[in-house]
Structure formats: C-alpha cells, structure tokens
Amino acid sequence: MSLAIDPSRVDEAGLLRELRAFVEIETPSRNGEAVNRLADHVEAHARRVGLDVERRAGTLGFGDILVLRTPRPVGGSVPRILILAHIDTVHAVGTLAGRLPLRREGDRLYGPGVYDMKSGVAMAIEAMRLCLAHGPSHPVDLLIVPDEEVGSPSSRPAIEALAQGALAALVVEPARDGGKIVTARKGVGLCDITVRGRAAHAGVRPADGRSAIRAAARLVLELEALNDTERGITVTVGTIGGGTGRNTVPDECRLQVDLRLPDMTSAEEILKRIRALRPVDPDIRYEIAAALNRPPFASSAAGLEVFDEAARIADALGFRLEGVATGGGSDGNFTAALGIPTLDGLGADGAGAHTLDEHILLSSLVPRTALLANLLLRLPGAV
Ligand SMILES: [Zn+2]
C-alpha cells in the first residue's frame, strides 16, 4: 500500500513543542478555570493551523468544550469523521512542580497528562493539519472535552450529538500495552450504597444497636460474589466508611462500588441483582443507587473494518497493530453504543496513565500521527 501521507511530513518538532506546552498547563477535571487556560492555548494553536473552532461554554462547573473542524467542502454532504479527545487529567495542580515534572529520559517523556491524553490532542491536530495540506478530503470534527476523567457528565450530550451520522469515531486515548488499539471496552457502572442500622452505646445498651458495619461486611461479600471472570464481569467494592466512634454501635456505613460489564445483557443483569439485594436483619436498611455510567462498547463488524484498515496502514508504516479489549471506559463507549464504528487507543504509546510514572514513548509520536492522518483519508466510504 502506498501512503497518501508519508511520516516524514509529520512536523515532529512542532508536535513536541505543542505537547510540552499542553502539559505545562495543568488541567484537573474539576478545575474549570485551569482547563480553560489550556482550551485557550489549544484554540489559538488550532486557528494557526487552519482549523475552524467552535467553543461552547462549560456547564456544571467544568471547562469549555472545543470542536475543531477542517473547513467544509462547499455544497457536499460528504461523510464526516469524528475524533474524540479530552484535555482534563486526573492530576492535581502542583504535580508538575512536585512529583511528576515534565522531563525527558531517553525515549520517554514524563509529565502529568502527557500520555492520557495531551499527546493524543496534539497528534489529532497535527493529523488534521496534514490532511488539510494533502488536499481535499472528507470533513473531520475533533471534539475536545473538559471532563472525561470524571465520566464526561457535562459533555456527553455533545459527544452523542456529534456522533450522529459520523462515518466513524476515532478516539485518541493512549495506546495500550505496547501500542495496541482498543476495539472493545467494557461498560462502567457506578454503585453507591448506604447501609442504615441503629446506633447504641457499645457498653451500656449494645443489644439495642443494629450495626451497619456488620451488615455492610456481609453485603461486601454478596457484592463481590457477583464477580464472574469467565464472563468478564467485575464488581469491586472500592471504598467503605462508617461508624462514629469506637464505643458506638454504628448506624451508618457507605460503600462505593465499581462495575465493569462486557455487554448490555450482563449490565442489565448485574444492575438488577444489585438493586435486589436485601438485608437479612429487618432493622437494617440498604439505600442502593446503581447505574451504568458508560455503556459497553462491544466489537462490531463495522468497527473491525476500521481496525483492519488501520492495521494495513500500520503495516505500510512498518509496525504491527494489534487489537485488544479493555476494562477501562472512555468516551468511545458512548459513540459505540450509538452504533458508530469506533476505534480507540489511537494516541501515543507509553505507560503509567493516572500515576506518577506517566510517560509516552517519543518514538511513537510520528508513526502514530501518520497512522491517524492516513486513516482519516482512507476510511471505508471516505473520499
Ligand atoms: Zn483519557
């Protein structure tokens, strides 16, 4: 296969300069002002490379949403490609000056959000620039959201609206384990449970008490018994907290539970079983709130076609692309659930997402940007 865009055309220095600038502006999801400082920078950069910018004011206290577009061909209704990205990170302001400074060590570039996913944002813009320079192509929308790391509560409607009618959704989340591309993701469920009992003095009237902690302990075992490795269902009680003091029978205990569900059938089944859990003691009450935060993103035939095309391009670029299913959720779950062929993990290769070891492999930037740019030009059905 001859490639429309040769990797030598990737502006590596420019890409790296932007990536460093992105990382130097720290952007924890819940700090809308900080996220908007980076949105300002990204907006200016996008305009410089010739993209149209639509900026939508943030809601729910989050930063703004950016939609970067390649200029539209006049009068055509050519199919559109959607790229999904986010500029928020899980790292607090101060991480950069503290435990995770922006630094290069050999092929590695470390920094908060460098891997998840500021590199993806920089790569997507560069890929769009390359498409523009290449000449007429189909339209591309790059949606950059401010709140992905907390489940995209303010941007989900925008993601779903822009996905409608798109030829494909390409997610520039980081690559997995040695450059792998994500072809399926489990759905993510969130469950909060409050167990209510009755307080009593532990020494004077213990028999009057109904321990919420004891009931919660039993409940934890019931919840975790729902784990089913074979079916890919995981139920994890992540936090537990309760009681007011050593000498009081506790009247309240709270649990936070994480659910990973491979498909809608298992999602409905597990949510139903959790909601149906009942205490053994009639004096104990459960308050259960359980819902799917991100729907499962199962591999589809159309999605695999996009993957096959990406794998052929990678071949021509000299590397092997492998697909993988992961338990981690992303905004790709929303688009896949709408039936849009979705490919995820098109960002940089590296490791340590959400940790102080977060880094990318610098050598992955150019080939994977070239992969993305060529994929934009070669998608089945594209011009
Ligand atoms: Zn991410």
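**Entry 1**

I began with His354, which lies in the loop between β17 (350-351) and β18 (359-361). I took helices (H or I, at least four residues) and strands (E, at least two) as DSSP runs numbered from the N terminus. The model is predicted, so I kept local features to pLDDT of at least 70 and side-chain atom pairs to pLDDT 80 or more, while totals for chains, interfaces and linings use all residues. Residues are numbered from 1 along each chain as its sequence is written, and side-chain values use heavy atoms, with hydrogens and water left out.

His354 has a positive phi, near 70 degrees, though it is a residue other than glycine. Its relative accessible area is 42%, so I noted His354 as partly exposed. For burial I used under 20% relative accessible area as buried, over 50% as exposed and in between as partly exposed (1.4 Å probe, protein chains only).

I then looked up Ser152, another residue other than glycine with a positive phi, near 55 degrees. Ser152 sits in the loop between β6 (140-145) and α4 (156-163). It counts as buried, at 0% relative accessibility. I flagged these values because most residues other than glycine have a negative phi.

**Entry 1. The zinc site**

Which protein atoms are the donors of the zinc ion? I found His86 (NE2), Asp116 (OD), Glu173 (OE) and Glu173 (OE), at 1.8 to 2.6 Å from the ion. Donors here are N, O and S atoms within 2.8 Å of the metal (3.2 Å for Na, K and Ca); water is not among the atoms, so sites may look incomplete.

The angles subtended by the 4 donor atoms run from 54 to 144 degrees, which makes the arrangement irregular. The cut-offs I applied: four donors are tetrahedral if all angles lie between 85 and 135 degrees; four are square planar and six octahedral if opposite donors are over 155 degrees apart and all others between 65 and 115; anything else is irregular.

Along the chain the donors of the zinc ion follow the spacing H-x29-D-x56-E. Asp116 belongs to helix α3 (residues 114-134) and Glu173 to the loop between β7 (168-171) and β8 (181-185), so this pair ties together parts that are 57 residues apart in sequence. I checked burial for the two: Asp116 and Glu173 are both buried.

**Entry 2. Helix α3**

The peptide bond joining Asp116 and Met117 is cis, with omega about -10 degrees. Met117 is in helix α3. The 21 residues of α3 reach 28 Å from first C-alpha to last, close to the 30 Å expected at 1.5 Å a residue. The expected span is 1.5 Å times one less than the number of residues in the helix.

I counted 17 of the 21 residues of α3 as buried, so the helix is largely enclosed by the rest of the structure. Gly135 follows α3 and has a positive phi, near 125 degrees.

**Entry 3. Helix α6**

Which residues of α6 are buried? I listed Ser266, Ala267, Ile270, Leu271 and Ile274. Viewed down the axis of α6, the buried residues fall within an arc of 125 degrees, so they line one face of the helix. The arc is that of the directions from the helix axis to the C-beta atoms.

Thr265, Glu268 and Lys272 are exposed on the other side of α6. The cover over the buried residues of α6 includes α5 (212-224), β9 (187-196), β11 (234-242), β13 (252-261) and β14 (285-294).

Gln256 is in strand β13 and is partly exposed, with a relative accessible area of 42%. Not counting residues up to four places away in sequence, Gln256 touches Cys191, Asp192, Thr236, Val237, Gly238 and Thr239. Contact means heavy atoms within 4.5 Å.

Thr95 is in the loop between β3 (81-86) and β4 (103-105). Thr95 is buried at 12% relative accessible area. Its contacts, leaving aside neighbours within four places in sequence, are Glu26, Leu100, Pro101, Pro112 and Leu356.

His45 lies in helix α2 (residues 32-48) and counts as buried, at 10% relative accessibility.
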